Amino acid sequence: MIRGSCLCGNVRYEIRGALGRVTHCHCSRCRKAHGAAFGTYGRVNRADFTLTSGESDIASYRSSPDVLRTFCKSCGSALQFIRESKPESFALAIGTLDDDPGIRPSLHIFVGSKAAWLEINDGLPQHTTYT
């Protein structure tokens, strides 16, 4: 089991199962949603995810026609990237994990729109768009 929470601790969750691919996303929406050079997400099967507290503290924002981003209303922590056309899973902001997921980021996506001031030199594959 992998546990996670938001910054203030109001939202808590558990994942029973392995995370899927972990990516660093450099698209402008992820950068703005995270207030950082990129957002790091891991794929989670909905059946493996349990919200243990804070359901009423979760708000959402539609960042594009098919995408909802969730966040904690109290502290602003980014939580999920939900593509409505893929209801069986979602991308979890892995910065909210409290436990080691046992998997590491495998690539950078949308580097064509990365922050101009960022140099990527970690050796991971870089893709201009989604892959």
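Modeller: What follows goes through the pockets, then the nonpolar cores, then one backbone angle. This is a predicted model, in which local features need pLDDT of at least 70 and side-chain atom pairs count only at pLDDT 80 or more, while totals for chains, interfaces and linings use all residues. Residues are numbered from 1 along each chain as its sequence is written, and side-chain values use heavy atoms, with hydrogens and water left out.

Biologist: What is a pocket, and which residues lie nearest the centre of the largest pocket?

Modeller: On a 1 Å grid over the protein atoms alone, a pocket is an open set of points where a 1.4 Å probe fits, with protein on both sides within 12 Å along at least five of seven lines; lining residues have an atom within 4 Å of a point. Here the largest pocket is lined by 20 residues, and C25, F81, R83, I109 and Y130 lie nearest its centre. Two or more lining residues come from each of β3 (22–25), α1 (28–34), β4 (39–45), β6 (58–64), β7 (67–72) and β8 (78–83). Helices (H or I, at least four residues) and strands (E, at least two) are DSSP runs, numbered from the N terminus. The largest share, three residues, is from β4.

Biologist: Which residues lie nearest the centre of the second largest pocket?

Modeller: They are R29, A33, Y61, R69 and F71, within a lining of 13 residues. The elements α1, β6, β7 and β8 each give two or more residues to this lining.

Biologist: What is a nonpolar core, and which residues have the most contacts inside the largest one?

Modeller: A nonpolar core is a set of buried (under 20% relative accessible area, 1.4 Å probe, protein chains only) Ala, Val, Leu, Ile, Met, Phe, Trp, Tyr and Cys residues joined through side-chain atoms within 4.5 Å. The largest one has 13 residues, and I15, L19, V44, L92 and L97 have the most contacts inside it. At least two residues each are supplied by β2 (12–15) and β9 (89–93). A second, separate core of 10 residues includes C25, C30, Y41 and V67.

Biologist: Where does a positive phi occur at a residue that is not a glycine?

Modeller: Most residues other than glycine have a negative phi. In this model, F110 has a positive phi of about 55°. F110 is placed in the segment after β10 (107–109). At 27% relative accessibility, F110 counts as partly exposed, a class that lies between buried and exposed (over 50%).
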